[in-house]
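Student: Hi! Could you walk me through this structure while we both have it open?
Tutor: Happy to, let's take a look together.

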Amino acid sequence: MMTGVRNGTNRIPVALLMAFAVSSLGSVLHFAWDWSGRNAIVAFFAATNESTWEHLKMAFWPAVLTTPIHVRLAGRPPNWLEATAIRWLVPPILIPVAFYTYLAFTGSNVLALDIGIFIVAILTGELLAIRVLNFPGTAGSRFLAITVMVVSLVCFATLSYYPLDNLLFEDPLSQSAPGGAK
C-alpha cells in the first residue's frame, strides 16, 4: 500500500491508478461483446453497438467493478459513498456533454477526440472522488449517494436491453431504431 494514502495525505496516486484501471478495462469492453460471440451476459457490461449509451457502459461498469480496489487503496472515510457515486457518474455525464459539443462543431466523429474524452472523463471522475474524500459527509449526502448509485445501477443494467427512443441510444452505424443488445 502506498504510504500516506489510507490516512488521506496523498490519494492522487490512487486516482491515477484507478483512472488507468478503469480506462483499460473500458477499452477492453469496447470489443468484449464481439470477442464473446455476442454473448448476452457480456452485453450487460460491454458495448454492443456504436451508440453513445453503449460507450457510457465502458466507463461505468469498470468504475463499479473496481470500487473494492478503490476502497482498499484510498481507505473508507465516512464520505466514501459520496466519492464512489462521483467515480461512477462523472464520466457518463462528461462523455456525452463533451462528445455532442465537439460533434456540433466538427459535424463528424474524431476517434482521437473520442478516446481523449473517454480518458479525461474517467480521470476527472477519479480526481473529484479523491477530492471529496477530504471533506466530511453528512447523512443527507450519504442518502443521496446511495440513491444515485442504485438508480444508475438499475439504468445501466436495463437500458441496453430496453433502450429509450433518445439520441443517446441511436447507433450511427445502423439505420434501425435505437437499442443495444438485440
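**Salt bridges, helices and surface**

Tutor: Let's start with Arg38, which forms a salt bridge with Asp34, the closest N and O atoms being 3.0 Å apart. A salt bridge here is a side-chain nitrogen of Lys or Arg within 4 Å of a carboxyl oxygen of Asp or Glu.

Student: Before we go on, what kind of model is this?
Tutor: This is a predicted model, where local features need pLDDT of at least 70 and side-chain atom pairs count only at pLDDT 80 or more, while totals for chains, interfaces and linings use all residues. Residues are numbered from 1 along each chain as its sequence is written, and side-chain values use heavy atoms, with hydrogens and water left out.

Student: Thanks. Where is Arg38 placed?
Tutor: Arg38 sits in the loop between helix H1 (12-35) and helix H2 (40-45). Helices are DSSP runs of H or I with at least four residues, strands are runs of E with at least two, and both are numbered from the N terminus.

Student: Is Arg38 buried or exposed?
Tutor: Arg38 counts as exposed because its relative accessibility is 52%. The cut-offs are under 20% relative accessible area for buried, over 50% for exposed and in between for partly exposed, with a 1.4 Å probe and protein chains only.

Student: What about the phi of Arg38?
Tutor: Phi of Arg38 is near 65 degrees, which is a positive value in a residue other than glycine.

Student: How many salt bridges does a search of the whole structure find?
Tutor: The search finds three. Besides the Arg38 pair with Asp34, Glu54 forms one with Lys57, and their closest N and O atoms are 2.8 Å apart.

Student: Which helix holds Glu54 and Lys57?
Tutor: Both lie in helix H3 (residues 52-65), three residues apart, about one turn of the helix. Glu54 and Lys57 are both buried.

Student: And with which residue does Glu126 form a salt bridge?
Tutor: Glu126 pairs with Arg87, with the closest N and O atoms 2.8 Å apart. This pair links distant parts of the chain, since Glu126 is in helix H6 and Arg87 is in helix H5, 39 residues apart.

Student: Why does Glu126 count as buried?
Tutor: Glu126 counts as buried because its relative accessibility is 1%. Arg87 is buried too, with a relative accessible area of 1%.

Student: Let's switch to packing. How do the axes of H5 and H6 cross?
Tutor: The axes of helix H5 (residues 80-106) and helix H6 (residues 111-132) come within 8 Å and cross at roughly 150 degrees. That makes H5 roughly antiparallel to H6. Axes are lines fitted to C-alpha atoms, for helices over the stretch in contact, and angles run from 0 to 180 degrees between N-to-C directions. Angles under 35 degrees count as roughly parallel, over 145 as roughly antiparallel, 65 to 115 as roughly perpendicular and the rest as oblique.

Student: And what about H4 and H5?
Tutor: The axes of helix H4 (residues 67-74) and H5 come within 11 Å and cross at roughly 135 degrees. H4 and H5 are therefore oblique to each other.

Student: Which residue lies in the loop between H4 and H5?
Tutor: Gly75 is found there, and Gly75 is buried, with a relative accessible area of 5%. Gly75 and Leu133 are 58 residues apart in sequence, yet 9.0 Å apart in space, C-alpha to C-alpha.

Student: How about Ala74?
Tutor: Ala74 lies in helix H4 and counts as buried at 0% relative accessibility. The C-alpha atoms of Ala74 and Val64 are separated by 15 Å, with the two residues 10 apart along the chain.

Student: What about Ala129 over in H6?
Tutor: Ala129 is in helix H6, and Ala129 counts as buried at 0% relative accessibility. Its C-alpha atom is separated by 9.9 Å from that of Asn79, 50 residues apart along the chain.
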